[in-house]
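Please examine the sequence and the structure before reading on.

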Number of protein chains: 2
Amino acid sequence: MGTSKTEKFTKEQNEIASIAKTLGHPARIAILQHLVKVNSCICGDIVDEIGLSQSTISQHLKELKREGIIKGEVEGRKVCYCINTERLDIVSTIFNGMFKRFSCC
Amino acid sequence: MGTSKTEKFTKEQNEIASIAKTLGHPARIAILQHLVKVNSCICGDIVDEIGLSQSTISQHLKELKREGIIKGEVEGRKVCYCINTERLDIVSTIFNGMFKRFSCC
DNA sequence: TTAATTAATCGTAATATTACGATAAGTTAA
DNA sequence: TTAACTTATCGTAATATTACGATTAATTAA
């Protein structure tokens, strides 16, 4: 165990949960807020900004990338990260829709 | 480790992450959707609906209650669960605000 | 009272997450 | 080339999460 029984749930339920899980760590929220503020920056800047180790930040970036919420572009020996606006709009729509359905009727 | 370093983040970042984490399991999304559909129901009905064991559902309900998203009212030997609309409105506002700040500028 | 019902909690196993240091892999500068 | 730099990955430890069965606690029905 320790594993969610995803087969018991709808695709929508699993998708919402997966996104929420990715947003479910303060470092990842902080990373997103920082990227919004500076528009785009390299990994090292995020390490400085957040104050966790480089390897830990790299893991968080990987998770955000896995969910499609950010993009990373290699520029020489640096990697420039930014928000994936298209995906974040979809995520926003999914969550707004969910909350709307929750709050009425 | 295995523990988030919450002291490195703002109150807002921790709060958003905490809510998202609670929403980050398909069973909990399914429970919320079911409660919205039937308005309110007893724990046993949720167990039947979701198809996980009674103790597992009880744990998920506890987590949703901890975050304030649902309420449980004891009625004799049964416990009637329902959405905490006030709290969910706040949660909705927090997330809408976040996504709004993410998508523009 | 006793038995049945309902839900919470306990104990536990399996797996996931978080975090770090060390290392690898790649790029650039000297 | 060599050295420095940048980031990803590996290995690992600590803790958290998920799930279940068994038990407990409380209420109701017989």
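Of the 30 residues around DNA strand D, the nearest are A:Gly2, A:Lys5, A:Tyr81, B:Met1 and B:His60; a residue is near a strand if one of its heavy atoms lies within 4 Å of it. The model is predicted, with pLDDT of at least 70 needed for local features and 80 or more for side-chain atom pairs, while totals for chains, interfaces and linings use all residues. Residues are numbered from 1 along each chain as its sequence is written, chains are lettered from A and ligands numbered from 1 in the order in which they are written, and side-chain values use heavy atoms, without hydrogens and water.

Sugar or phosphate accounts for 64% of the atoms of DNA strand D within 4 Å of the protein, and bases for the rest. Phosphate oxygens of DNA strand D lie 3.2 Å from a side-chain N or O atom of B:Arg28 and 2.9 Å from a backbone N or O atom of B:Ser53. At least two residues of this surface come from each of H3, H4 and strand E3 (78-83) of chain A, and from H4 of chain B; helices (H or I, at least four residues) and strands (E, at least two) are DSSP runs, numbered from the N terminus.

## Surface near DNA strand C

DNA strand C is surrounded by 30 residues, the closest being A:Met1, B:Gly2, B:Gln54, B:Ser58 and B:Tyr81. Of its atoms within 4 Å of the protein, 63% belong to sugar or phosphate and the rest to bases.

## Packing of two helices in chain A

Helix H2 (residues 26-38) and helix H3 (residues 43-50) of chain A pack at an angle of about 120°, their axes 10 Å apart. H2(A) is therefore oblique to H3(A), since angles under 35 degrees count as roughly parallel, over 145 as roughly antiparallel, 65 to 115 as roughly perpendicular and the rest as oblique.

In this contact (heavy atoms within 4.5 Å), residues of H2(A) including A:Ala27, A:Ile31 and A:Leu35 meet A:Ile46, A:Glu49 and A:Ile50 of H3(A).

Technical notes. Axes fitted to C-alpha atoms, helices over the stretch in contact; angles between N-to-C directions. Polar contact = N/O pair within 3.5 Å; in protein donor to acceptor, adjacent residues only side chain to side chain.
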